[in-house]
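Please examine the sequence and the structure together before reading on.

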Amino acid sequence: MTSRIPDFADEIVALFAERNAALTDIAIIQPADPFLDMAGEDLRRRIFLTESETGAALCLRPEFTIPVCLDHIEKRAATPQRYAYLGEVFRQQRAGGAEFFQAGIEDLGETDSASADARSLADAHALLSRVLPDRPLIATLGDQGMFEAVLAALGLPRGWQKRLTRAFGSQKLLQAAIDDLANPHASPGLPREVAGLVTRGDETALSEHVAAFMEETGLSPSAGRSPQEIARRLIEKAELRSVRLSAEAMAALKRFVGLKVPFAQASAVLAGFAAENSLILDEALEAFDARAQRIVEQGLPLDTLTYDAGFGRPLDYYTGFIFEITGEAGKQALAGGGRYDRLLTLLGAGKPIPGVGFSIWLDRVAKLREAGR
């Protein structure tokens, strides 16, 4: 083992108890498929994979959110539940070791999402304030739900909404997707028969054609995507290339992702943006305002909170509120979290279970504590 439990772990466990979050024990060896399917490209390429003796794909625990949710489903636990954790995760990082400690709280089943979101932010802030008592904290807040509402209000086809949403959380990918939307690429040279099927959107006939081609050339579907998946993707790409967003709509989209304002001004700025661009965002604005009020009620220092409309986190399972806390502007995140209302259903829960949570990077906290001595 190359890492050891932080010497301030007792302070964290005490805060968990104060916040009524039960400390849970999660296995280090996890099934790999949930991470490969749902955790985002940035995490998928950093995890450590192995196999069981039966050939099942396994991995060292790269994060806690998915394992906590799987454990909750397996135990068929009642909701709402607040799970706390403190333990090692294993994944390659751009800087630092591949084995480090994280702590956090996952809040599952709370139907008052505005209150749960605000409490998650407050929990993370309280934990960092406890272990870094003399260091100012800066929080950036985002909202994937608001981003998706803007895409829908602009009238974008579902395919483009999905692509842009998948890119949310990566400035590079999001900018590339917006550039493609502004300047669609020419259609690749497809065989005439295939191009005709794609143009007509005949997925069944196209799947049969692809299957026949794969059989003729000896390609096995098990080696990659199925004929149905290939056909669906070809048609989807063609539909995306056919979209032409108006100059006004494109300007509105670019303006939205560029919004970055003090949190106290965010509700008014978003309402003004919707009115100026004639966008119906009523439900998203109501949800945003309700959460904002709950955050105010938590007593957090509002002058340290910023709303960034283009801010997301590179994990595929987030669906709404997203946040990150740093010790200084532009520095590495000390905490990150958000809402993931679809995750438990995708993992096998029999009914939808809302969720929100956060993780603290304890190795980064430890370095700041050491530097402050």
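## Basis of the model

The structure is a predicted model, in which local features need pLDDT of at least 70 and side-chain atom pairs count only at pLDDT 80 or more, while totals for chains, interfaces and linings use all residues. Residues are numbered from 1 along each chain as its sequence is written, and side-chain values use heavy atoms, with hydrogens and water left out.

## Nonpolar cores

The largest nonpolar core holds 37 residues, and I12, L128, I295 and I325 touch the most other members. Helix α5 (residues 113-131) is the main contributor to this core, giving eight residues. Apart from this core lies another, of 36 residues, including A177, A252, L259 and A309. A nonpolar core here is a set of buried Ala, Val, Leu, Ile, Met, Phe, Trp, Tyr and Cys residues joined through side-chain atoms within 4.5 Å. Buried means under 20% relative accessible area, exposed over 50%, and partly exposed in between (1.4 Å probe, protein chains only). Helices (H or I, at least four residues) and strands (E, at least two) are DSSP runs numbered from the N terminus.

When residues up to four places away in sequence are not counted, I295 touches A118, L121, L141, F263, L300, L305 and F321; contact means heavy atoms within 4.5 Å.

## Strand β6

Strand β6 (residues 99-108) is mostly covered, with ten of its ten residues buried. E99, F101, A103, I105 and D107 point one way from β6, F100, Q102, G104, E106 and L108 point the other way, and all are buried. In a regular strand the side chains alternate between the two faces of the sheet.

Strand β5 (residues 81-90) pairs with β6 in the antiparallel sense over ten bridges, and F90 has E99 as its bridge partner in β6. Strand β12 (residues 355-361) also runs antiparallel to β6, joined by seven bridges, with G355 in β12 as the bridge partner of L108. Two strands pair if DSSP finds at least two bridges between them.

## A buried aspartate

D308 lies in strand β9 (residues 305-308). D308 is buried yet has no salt bridge, and K260, the nearest side chain of opposite charge, is 4.3 Å away. For this assignment, Lys and Arg count as positive and Asp and Glu as negative; His and the chain ends are not counted. The side chain of D308 reaches the backbone nitrogen of G310 at 3.1 Å.

## Salt bridges

Across the whole structure, 15 salt bridges are found, each a side-chain nitrogen of Lys or Arg within 4 Å of a carboxyl oxygen of Asp or Glu. E11 and R369 form one of them (3.6 Å, N to O). This pair links E11 in helix α1 (residues 9-18) with R369 in helix α16 (residues 362-371), 358 residues apart.

R130 and E18 meet in a salt bridge at 2.6 Å, N to O. R130 lies in helix α5 and E18 in helix α1, so the pair ties together parts that are 112 residues apart in sequence. R130 is partly exposed, at 31% relative accessible area, whereas E18 is exposed, at 51%. R291 and D117 form a salt bridge with closest N and O atoms 3.1 Å apart; R291 belongs to helix α14 (residues 282-297) and D117 to helix α5, 174 residues apart. R291 is buried, with a relative accessible area of 8%, and D117 is buried at 2%. A network of salt bridges links R19, R82, D107, R119 and D123.

Notes:
A polar contact is a pair of N or O atoms within 3.5 Å; within protein, one must be able to donate a hydrogen and the other to accept it, and residues adjacent in sequence count only if both atoms are side-chain atoms.
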